[in-house]
Amino acid sequence: MATQHDIKSRRAELEALFKVFSDVPREVVVKEDILRYGQAFTEAALKVGEHYRTKTYGGWLFSFDRVTPDQAKHGEVNRVPDYLELKGGLYGLRGRLRVRCRVNPDSPYVVDQVEGKLWLCERDNGGLAPIAELWEYRPVPRYWSMKLADGSPYNQVIRDDFATVFMYCQHWGPDEECRFCDINENARMSRERGVLTIPRPFKSVEQVAEVAEEIFVREWDERPEYDRPHNMTISGGAITNKLEGLPENEFYIRYVRAIREKIGQRFHLNMQSGPKSKEEIRVFKEAGLDSHSTNLEVWDKELFAIICPGKQRVIGWDEWVRRMVGEVEVMGEGGVTPGFVIGCELAQPFGFKTVDEAVKSYEEGFDFLMAHGVVPRPISWCVEPRSALAGQETPPTEYFIRIDRAWYERWIKHRLPPPGSYKIGPGISEYPNNAAADMGHP
Ligand code: SF4
């Protein structure tokens, strides 16, 4: 959490970071700092948000908030959008700088309404100092008000481009769950506050296909160009035993087939799951998959075993890396896109003791993976209050910027395509949880 000292000094810190990282776009610096602290909202800003699209359970595996819903006293968790899109302001931010909403009522960053427009501000001597203007929040699409035959709202099934088809993870409890992850708690809390009402722990193939067709076929043309999804991710917790009587591969491939059949070939289809053998991933590709995010989460081998004990027990770091590299032969460069939760490798007492050590680990990891055609996806760690790492200090903003720069330098060096369907560039990237894809010309 921010200290009083931090709260008074974010703009000064940003300007100091601009000087240190003069080769990095300002958008990257600003975005990583906002992600690190999360955002507070004034009542005026929350009221504006009620007329637009707010966060729903539909897409997110994790809460990505710095507080639990009951700690956000003004109902923020239900009243904010999925992400903010910043422009202009003090630092002339380019494009639509997309930043995930990470609710934190104590953040030095506050969204407020200023002369009829929304601005991201900084707390300043009891007032608020505007930093960057926000693009208008996203409009409410038609499918938002639609329901399936069993009464489940469409917007709980898919959030535009992301479907969490299995809402829990079979790595269960402290000896199995990844320590940064709150998936099982997030589903439980979402049920408690009534935003997750789908009765079973997973969404049926028919439900997901029906909603995908509505979003990508029936109403796609009716939405403004800037608000049309161009890709779809199928995600969910790990299946280590069986679900619906099916092992993981058979469970997930039904969604790939059904969605591809409904949305046609135009749109990119991604899946997040454990790593596959070449034979296994070939079956997914033939079913219509374009990219596979097989999230290793932590590059350092010893820290992986500590932070991801379930993944280590079931597959292990060596086998995970071997399969990821093998998948490139089937999916091609840019088609294997493992996520890494950047920052949790500095958690104490087991993590790296210095930022330099952690940066070195990722420099080596990115180089190894990209040399083999794997394009990693950094995800800036959000210390969630219901994860096993709750209460840990978030690493300094400088760390995240150095990781983004290390990623970009190696991505250029190895002359790779973007991961999956990403776009790369400041204010062009659509990825809200990290700024590596916002790298480009400063
Ligand atoms: S495998 Fe780990 S990160 Fe993925 S959902 Fe399960 S506990 Fe969370």
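Tutor: The expected span of a helix is 1.5 Å times one less than its number of residues. The model is a predicted one, and the part to examine is helix α14, residues 355-371. With 17 residues, α14 reaches 24 Å from its first C-alpha to its last, close to the 24 Å expected.

Next comes burial, where the cut-off is under 20% relative accessible area. The buried residues of α14 are V355, A358, V359, S361, Y362, G365, F366, L369 and M370. They cover an arc of only 155 degrees around the axis, so they sit on the same side of α14.

In the loop between β11 and α14 lies P349, and the peptide bond that joins Q348 to P349 is cis, with omega near 15 degrees. After α14 comes G373, with a positive phi near 85 degrees. The background is that most residues other than glycine have a negative phi, and most peptide bonds are trans.

Helix α10 (residues 278-287) can be read in the same way. I281, F284 and A287 are its buried residues. Viewed down the axis of α10, they fall within an arc of 110 degrees, and therefore line one face of the helix. E279 and E286, on the other side of α10, are exposed. The cover over the buried residues of α10 includes α9, β9 (268-272), β10 (291-293) and α13. Just after α10, G288 has a positive phi of about 120 degrees.

Helix α8 (residues 205-218) is mostly covered, with 10 of its 14 residues buried. These are V205, Q207, V208, A209, V211, A212, E213, E214, I215 and F216. Their packing partners are α6 (154-157), β7 (162-166), β8 (231-236) and α9 (248-263). The length of α8 agrees with expectation, because 14 residues at 1.5 Å a residue should span 20 Å and the end C-alpha atoms are 19 Å apart.

Two loops hold a positive phi outside glycine. E115, in the loop between β4 (109-114) and β5 (117-124), has a phi near 50 degrees. E115 is exposed, with a relative accessible area of 80%. E244, in the loop between β8 and α9, has a positive phi of about 55 degrees. E244 is partly exposed, at a relative accessible area of 44%.

A further loop, between β7 and α7 (183-192), holds C169. C169 is buried, with a relative accessible area of 12%. Leaving out residues up to four places away in sequence, C169 touches I183, N184, G237 and A238. Its C-alpha lies 10 Å from that of A187, 18 residues apart along the chain.

At the scale of the whole chain, the domain assignment gives domain 1 (40-134) and domain 2 (141-273). Their centres, taken over C-alpha atoms, are 25 Å apart. The contact takes 16 residues from domain 1 and 30 residues from domain 2.

The largest nonpolar core has 132 residues, of which L86, F180 and F251 touch the most other members. Beyond four places in sequence, the contacts of L86 include V30, I34, L93, L97, V99, L120, L134 and W135. Apart from this core lies another, of 5 residues, with W60, F64, I379 and C382 among them.

Last, the confidence of the prediction. The protein chain averages a pLDDT of 94, and 98% of the residues score at least 70. Over residues 1-8 pLDDT stays under 50, and the model has 14 contacts beyond four places in sequence for that segment.

Terms used:
Residues numbered from 1 in each chain as written. Predicted model: local features only at pLDDT ≥ 70, side-chain atom pairs only at ≥ 80, totals over all residues. Heavy atoms only, no water. Helix = DSSP H or I, 4+ residues; strand = E, 2+ residues; numbered from the N terminus. Buried < 20%, exposed > 50% of the residue type's maximum accessible area, 1.4 Å probe, protein only. Arc of directions from axis to C-beta. pLDDT = per-residue confidence, 0-100. Contact = heavy atoms within 4.5 Å. Core = buried A, V, L, I, M, F, W, Y, C linked by side-chain atoms within 4.5 Å. Domains from an automatic or database assignment.
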